[in-house]
Amino acid sequence: MECINSSETAEVVGPYSHCVKAGNTYYICGQVPFHPITGKVVGATIQEQTFQTLYNLKLVLDAAGLEITDIAKTTVFLASMDDFAGFNEVYAEFMGNHRPARLCLGAGEIVHGCLLEMDATAYKE
C-alpha cells in the first residue's frame, strides 16, 4: 500500500492519509469544505460547501495522478437531507457526464459544523 498526501489541500489533522493506494484502487479520505490554506470552513450554504468539498477532492485526485472519471464510488454524508437538492445540483455539474456509484445519507452532526463530508473510491489501471 502507498499513502498519498496532497500538499495543495489542508493538512490531515489526525492519524490518516488523504489517499491510500492499494493495488489499482485508491481510497480517498473524507473531504470537507476546508480552505486549502487556512483550514477554515468555506461557505455558509450547501452549494458553497459542496463546491469547496469537491474542489478539495479534486486536489487529492491530482496528487494521486487521478481524474474525476477514475472515481468509482462516492459516499456523501449530509448534516441534513433538506440540503440534498442543493448538494446534488453542484455534484452533478462537477461530475459532468461521469456517474460513479454513490451512497448519500443524512448524518446529523459533521466535524466543525460542516454541512457535508464526502469520501471516494477510485480505480486506475
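Tutor: A salt bridge is a side-chain nitrogen of Lys or Arg within 4 Å of a carboxyl oxygen of Asp or Glu. Please keep in mind that this is a predicted model.

Student: How many salt bridges does a search of the whole structure find?

Tutor: The search finds one. In that salt bridge the side chain of K58 meets the side chain of D62, at 2.5 Å from N to O. Side chains of opposite charge can pair when their charged atoms come close.

Student: Where do K58 and D62 lie?

Tutor: Both are in helix α1, which covers residues 46–63. They are four residues apart, about one turn of the helix.

Student: And why does K58 count as partly exposed?

Tutor: K58 has a relative accessibility of 24%, and partly exposed covers values between the 20% limit for buried and the 50% limit for exposed. D62 is also partly exposed, because its relative accessible area is 42%.

Student: New topic: H18. Is H18 buried or exposed?

Tutor: H18 is buried, because its relative accessible area is 5% and buried means under 20%. This residue is found in the loop between β1 (2–4) and β2 (19–22).

Student: Which residues is H18 in contact with, leaving aside its neighbours within four places in sequence?

Tutor: Its contacts include I4, N5, S6, T9, A10, E11 and V12. Also among them are Y27, I28, C29 and V60. As for S6, its backbone nitrogen lies 2.9 Å from a polar atom of the H18 side chain.

Student: What about pockets? How much space lies in the largest pocket?

Tutor: The largest pocket holds about 200 Å³ of space. It is lined by 16 residues, of which E11, Y16, G30, V32 and F34 are the closest to its centre.

Student: Which strand gives the most to that lining?

Tutor: That is strand β3 (residues 25–31), which contributes three residues. By type, the lining of the largest pocket has eight nonpolar, six polar and two charged residues.

Student: One last thing: what is the phi of H112 near?

Tutor: The phi of H112 is near 55 degrees, a positive value in a residue other than glycine. Most residues other than glycine have a negative phi.

Student: Where is H112, and is it buried or exposed?

Tutor: H112 sits in the loop between β5 (101–106) and β6 (116–123). It counts as exposed because its relative accessibility is 59%, and exposed means over 50%.

Notes: Residues are numbered from 1 along each chain as its sequence is written. This is a predicted model: local features need pLDDT of at least 70, side-chain atom pairs count only at pLDDT 80 or more; totals for chains, interfaces and linings use all residues. Side-chain values use heavy atoms; hydrogens and water are left out. Helices (H or I, at least four residues) and strands (E, at least two) are DSSP runs, numbered from the N terminus. Buried means under 20% relative accessible area, exposed over 50%, partly exposed in between (1.4 Å probe, protein chains only). A polar contact is a pair of N or O atoms within 3.5 Å; within protein, one must be able to donate a hydrogen and the other to accept it, and residues adjacent in sequence count only if both atoms are side-chain atoms. Contact means heavy atoms within 4.5 Å. On a 1 Å grid over the protein atoms alone, a cavity is a set of points where a 1.4 Å probe fits but cannot get out, and a pocket is an open set with protein on both sides within 12 Å along at least five of seven lines; lining residues have an atom within 4 Å of a point. Grid points are joined across faces, edges and corners, and a volume is the space filled by probe spheres set on the points. Ala, Val, Leu, Ile, Met, Phe, Trp, Tyr, Cys and Pro count as nonpolar, Asp, Glu, Lys and Arg as charged, and the others, Gly among them, as polar.
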